[in-house]
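Welcome! Have a look at it, and then read on.

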Amino acid sequence: MDYPFAAPEPMRCPPELVRRQAEEPVSRVRLATGEDAWLVTRYDDIRALLADPRFRVRLPGVPASGSGDLLFTMNGPDHTRLKRIAGKALTPRRVEFLRPRVEALAEDLAAKLIAQGPPAEVLDGYSIPFALSVLNELLGVPPSARDDLRTWADGMLAVFTAPSYEEMTEAARKLGDYLAELVEAKSRAPGDDLLTGLLQARDDDGDALTQDEVTQLAFAILLGGYVPPANALAQIVLRLAAEPELPRDPATMPALIEEFLRQDQGSAADQGRVATEDAEIGGVPIRAGEFVLAPLRAGNHDPRRFPEPARTDSLRVQGHLTFGHGPHHCLGAALTRLQLRTGVTALLAAAPGLRLAVPFEELAWRRMFLTLQGPVAVPIAW
């Protein structure tokens with residue numbers, strides 16, 4: 001059967017995923033890339049897979065030997081070293097240092113959105129510029145380069161736009177060249193940004209990152225810190241606007257956002273792994289070289305771990321897989337949480353009565369990457 005499965009309700013777990021979870025928790029599918037894969041759908045099996053050293057990260061459609069040098073596609077000791085040193089720079093203290101600026105950005109963007117008068121469009125008018133603004137602050141991108149950075153990021157990712165592969169490749173080259181120049185500039189004139197922190201970081205043995213490694217990390221941070229947070233923020237606002245019975249108390253919002261992250265069907269990428277030796281998942285033999293796909297959104301919807309998974313319960317004991325698990329757990333999870341909490345809180349403060357400006361059924365949706373999806377626009381009124 002072809003994967004990804006059809007989702008009649010775009011914000012609900014696809015029925016075929018639910019069926020397989022109950023009846024065929026580890027089963028075969030055909031991917032859009034033409035590959036055959038094992039699909040793992042239960043929470044415990046996904047966690048075990050992501051922590052198992054017998055499985056290496058691989059992106060669908062990319063040969064096992066050609067996954068690149070980005071943090072989230074690396075394996076083994078090289079990945080461990082890079083993440084260990086990077087973790088010395090992207091610390092809770094640095095995230096907390098960014099909080100006042102992130103809050104100011106959110107308040108300013110929310111005020112500008114509301115000043116347009118209803119209806120206003122949340123995705124392009126708020127969540128995308130907010131995600132990019134946070135990245136600019138984090139990486140220390142000068143104002144003169146920020147428009148170009150967005151153009152290259154949009155062109156490379158081809159998510160909010162639809163250029164040709166040649167344009168995507170050219171945009172990626174320009175973005176990579178610019179980030180290399182920015183890292184070189186930070187090495188000559190350090191600042192208080194993450195790139196400077198990465199250049200200065202040392203592990204317990206005194207090991208440091210090269211400028212090329214910092215550039216690759218910056219590239220990975222842009223990939224992971226742009227589309228997923230922007231999409232997640234837009235979908236959280238959509239949930240609140242479409243379901244007025246949900247609580248909007250700022251004090252309980254962090255817990256509610258965690259529940260939204262668990263239920264999110266559009267922002268957490270499926271995790272691809274390839275077996276390096278014969279292994280087993282959920283009692284099913286997996287041969288060396290076979291490809292395995294783990295939809296985090298399926299694990300987050302497993303009733304064995306989360307009873308009544310479709311019910312929104314801000315008091316639920318969490319442990320969702322949205323930021324991954326094991327060695328590749330998202331390094332930027334704390335920053336993403338700060339963005340989402342701040343972005344939602346600022347928008348609700350500016351428009352406490354926000355609601356959808358059109359019927360939910362009229363919203364358009366688009367596929368992003370292999371399996372992610374998101375709304376084309378989130379129009380709100382208040």
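Two strands count as paired if DSSP finds at least two bridges between them. With that in mind, look for an open sheet built from three strands, in the order E5-E13-E10, with antiparallel pairing. Its edges are E5 and strand E10 (355–356), each of which pairs on one side only. E10 and E13 run antiparallel and are joined by two bridges. In that pairing, Arg-355 has Ala-381 in E13 as its bridge partner. Please keep in mind throughout that this is a predicted model.

## The six-stranded sheet

There is also an open sheet of six strands, with mixed pairing and the order E1-E2-E3-E9-E6-E4. Strand E1 (2–3) and strand E4 (55–57) are its edge strands, each pairing on one side only.

Let us go through some of the neighbours. Strand E2 (residues 26–31) pairs with strand E3 (residues 36–40) in the antiparallel sense, over five bridges. Within this pairing, Arg-28 has Trp-38 in E3 as its bridge partner. The side chains of these two residues also meet: the charged end of Arg-28 sits over the ring of Trp-38, 4.7 Å from its centre.

On to the next pairing: E3 and E9 pair in the parallel sense over two bridges. Here Leu-39 stands opposite Leu-293 in E9. Strand E6 (residues 271–275), in turn, is joined to E9 by four bridges, and these two strands run antiparallel. Arg-273 has Val-292 in E9 as its bridge partner.

Which way do the residues of strand E9 (residues 291–294) point? Phe-291 and Leu-293 point one way, Val-292 and Ala-294 point the other way, and all are buried.

## Aromatic pairs

How many aromatic pairs does a search of the whole structure find? The search finds five. Two of them are set out here.

| Aromatic pair | Arrangement | Centre to centre | Angle between the planes |
|---|---|---|---|
| Tyr-3 and Phe-5 | edge-to-face | 5.0 Å | 85° |
| Tyr-43 and Phe-306 | edge-to-face | 5.5 Å | 90° |

The pair of Tyr-43 and Phe-306 links distant parts of the chain, 263 residues apart. Tyr-43 is in helix H2 (residues 43–51), while Phe-306 is in the loop between helix H12 (296–299) and helix H13 (333–350).

Next, find the loop between helix H3 (76–87) and helix H4 (92–115), which is the place of Ala-89. Ala-89 counts as buried because its relative accessibility is 3%. Leaving aside residues up to four places away in sequence, Ala-89 touches Arg-94, Leu-194, Gly-197, Leu-198 and Ala-201. The C-alpha atoms of Ala-89 and Arg-202 are separated by 8.8 Å, although these residues are 113 residues apart along the chain.

H4 itself has 24 residues and reaches 34 Å from its first C-alpha to its last, close to the 34 Å expected at 1.5 Å a residue. Where does H4 have a kink? The kink lies at Arg-99, shortly before the proline Pro-100, and is about 40°.

The buried residues of H4 include Arg-94, Val-95, Leu-98 and Val-102. The helix's buried residues pack against strand E5 (120–121), helix H5 (122–139), helix H8 (194–200), H13 and strand E13 (379–381). After H4 comes Gly-117, whose phi is positive, near 80°.

## Helix H10

Finally, turn to helix H10 (residues 227–242). H10 has 16 residues and reaches 22 Å from its first C-alpha to its last, close to the 22 Å expected at 1.5 Å a residue. Of those 16 residues, 14 are buried, so H10 is largely enclosed by the rest of the structure.

Conventions:
Residues are numbered from 1 along each chain as its sequence is written. This is a predicted model: local features need pLDDT of at least 70, side-chain atom pairs count only at pLDDT 80 or more; totals for chains, interfaces and linings use all residues. Side-chain values use heavy atoms; hydrogens and water are left out. Buried means under 20% relative accessible area, exposed over 50%, partly exposed in between (1.4 Å probe, protein chains only). Rings of Phe, Tyr and Trp (its six-membered ring) pair if their centres lie within 6.5 Å; planes under 30 degrees apart count as stacked, over 60 as edge-to-face and the rest as tilted. A charge sits over a ring if NZ of Lys or CZ of Arg is within 6 Å of the ring centre and within 35 degrees of the ring normal. The expected span of a helix is 1.5 Å times one less than its number of residues. Contact means heavy atoms within 4.5 Å. The bend at a residue is the angle between axes fitted to the seven residues ending there and the seven starting there.
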